[in-house]
Amino acid sequence: MQWGWGSTSAAEDRLPLKGWAGPSWVGGMGKQFYITTAIDYTNGAPHIGHAYEKILADTMARFKRLAGSEVYFLSGLDQHGQKVQLSAEKAGVTPEVFVREVSDRFIALWDRLNVRPDGWVETTDVRHKRVVQDMLQQLFDEGQIYKKSLRGWYSVRQEQFLNEKDREADGSWGGQWGLVEEREEENYYFRLSDHTAWLRGYLETHPDMIYPANRQTQLLNAVKDSEGVDLCISRPKSRLTWGIPLPFDDDYVTFVWFDALTNYASFAGFRDREPGVSGLPRWEDLWPCDAHVIGKDILIPAHGIYWPIMLHACGVPDEQMPKILVHGWWNMKGKKVSKSEKIEDDSVVKVIADLVDPNAIADVVGADGLRYFLLADIATGGDSDISEERILVRYNKDLADILGNLLNRTLNMARKYLGGTLVATTHDSELHAGLREAVVALPGKALGHMKTWQIHQVLADIIDGARLANEFVDKTAPFKLAKDPANADAVASIMRHVAEAMAHFSVMLSPAMPETAARIQGQLGWVPPVGLTLGDLRWGMLPDGHVLGEPQPLFPKVQVAAAG
Ligand code: ME8
């Protein structure tokens, strides 16, 4: 087989990750907080569902760092399988060429959206293939993998055997399956059924394995239903060549689960043959995974049943089972956004060319406008519906009218009344105290929300804080006070408060909107201390004599033409 097995090119050598900015991971300092995402299929272009998941995980990683933890964030691509092989055939290129082209589109998107993983998965990587083969060989040697012949109904279009439950109510096979014929095929099976009782017991005694909790209940019911069933883990090469060969039978490749799910361990240094030289992190530093960030469609059976059982069968102890965070879907008109189904976008106003394409949204509202929308408009674990109107309302109202406007008016007034320099003042009032209290409460509230990763609440609190700061300016009216030189101390104090609040907001926003945070800090003329954590945030970070920078619009409003 010639598809790069012999190549030793490690994913991160090829990719621009090394040059990426952001806090880089330093190993060897004890257990890191380890966050991973699902790896995306490289059979088509990335869509907003993919962007959401990666932005969510990236924000979680940045937040944990800001809270003072050592973090390792892993993400990447699922490059093998039938869908990729078929898409490549359709495109008239080899799977290698096809996968490279699609992979590069994902990488360019993450680069643009400031998604900054510490490690990058590509399942064609030789280091990954070795671990997959190692696990398969062990299980084969232990008699946990066996070969059997299956006769059954096979969908030629979907390239899979069907179950009786796949039939329509009238007993026919639905049109989605295309031609269905009876076939017999020999394949390898993993004795999943030997371990389902263990998984049931584990889930019953570890109710916090999955968040949200209702997903764990669903999973437990699914485990009960799946008892007695083994897992087919191979495809004959006559049907699928684009995969990792079984180490004990060269006529077969492993079909999907051992290849895709193993990435979370193989790229975390599991059974690394060349620790220290391979470029992979140390297993002892990362494992167990603290948050597998996945969508609700891939919990059952893949991540909730197959993955823990694979780990268990390979000797990973109970106290090292991973934790899973299950997010919901971005829908459009109530239907899941996906690669395969095109949903007609019939928005009245059309400013964004394609709502499914993250690049098209970022073209209009910027990378951070997109990050903000995808994080603010959904509760983690729930679903949400995307629409152009929602995106533009979030952008024009929350970001332009409240946050951008606050920064702009603060800097303009400070230039006009104070020559852009903050000075010592003694003036105070209840309004001042109210703003101070609201701002310094933000980190504590955020830590509370982030216990269950409710980022939308963190963002809502920051925007509420900015709204309060705008009201503070309206009520204290420095533009009126400044007319009388006797009010100089009061004006200086108001400016001091809003500038200081803005510095706090910038730090609080930095996990979700890293570019915006840096731009706010640039305009404030403020460089936060290196290694600043949430616990270091206190009132008075901008000192007497601090010189503010130049105001520049943060979020130029997107003009929405009247319909019709
Ligand atoms: O499932 N909204 O890949 P994938 C939110 N390679 N999330 C969505 C979504 C939507 N509309 N559509 C997809 C795979 N996702 C496999 C995973 S991992 C061992 C194998 C999420 O490209 C989806 O739930 O179809 C999944 O977590 C991720 O995007 C990749 O989906």
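Domain bounds here come from an automatic or database domain assignment, and in this predicted model that assignment divides the protein chain into domain 1, made up of 8-139 + 197-331, and domain 2, which covers 360-536. Between the C-alpha centres of domain 1 and domain 2 the separation is 36 Å, and across the boundary 30 residues of domain 1 are in contact with 34 residues of domain 2.

A helix to look at next is helix 2, which takes in residues 48-66. From its first C-alpha to its last, helix 2 reaches 26 Å over its 19 residues, close to the 27 Å expected at 1.5 Å a residue. Helix 2 is also mostly covered, with 17 of its 19 residues buried, and just after helix 2 the backbone at Gly68 takes a positive phi of about 105 degrees.

Further along the chain, the reader can turn to a pair of helices. Two packed helices are described by the angle between their axes and the distance between the axes. For helix 16 (residues 455-476) and helix 18 (residues 488-509), the axes come within 10 Å and cross at roughly 170 degrees; because angles over 145 degrees count as roughly antiparallel, helix 16 and helix 18 are therefore roughly antiparallel to each other. On the side of helix 16, the contact is made by Leu459, Ile462, Gly465, Ala466, Ala469, Phe472, Val473 and Thr476, while helix 18 contributes Ile494, His497, Val498, Phe505, Met508 and Leu509.

Notes:
Residues are numbered from 1 along each chain as its sequence is written. This is a predicted model: local features need pLDDT of at least 70, side-chain atom pairs count only at pLDDT 80 or more; totals for chains, interfaces and linings use all residues. Side-chain values use heavy atoms; hydrogens and water are left out. Axes are lines fitted to C-alpha atoms, for helices over the stretch in contact, and angles run from 0 to 180 degrees between N-to-C directions. Helices (H or I, at least four residues) and strands (E, at least two) are DSSP runs, numbered from the N terminus. Angles under 35 degrees count as roughly parallel, over 145 as roughly antiparallel, 65 to 115 as roughly perpendicular and the rest as oblique. Contact means heavy atoms within 4.5 Å. The expected span of a helix is 1.5 Å times one less than its number of residues. Buried means under 20% relative accessible area, exposed over 50%, partly exposed in between (1.4 Å probe, protein chains only).
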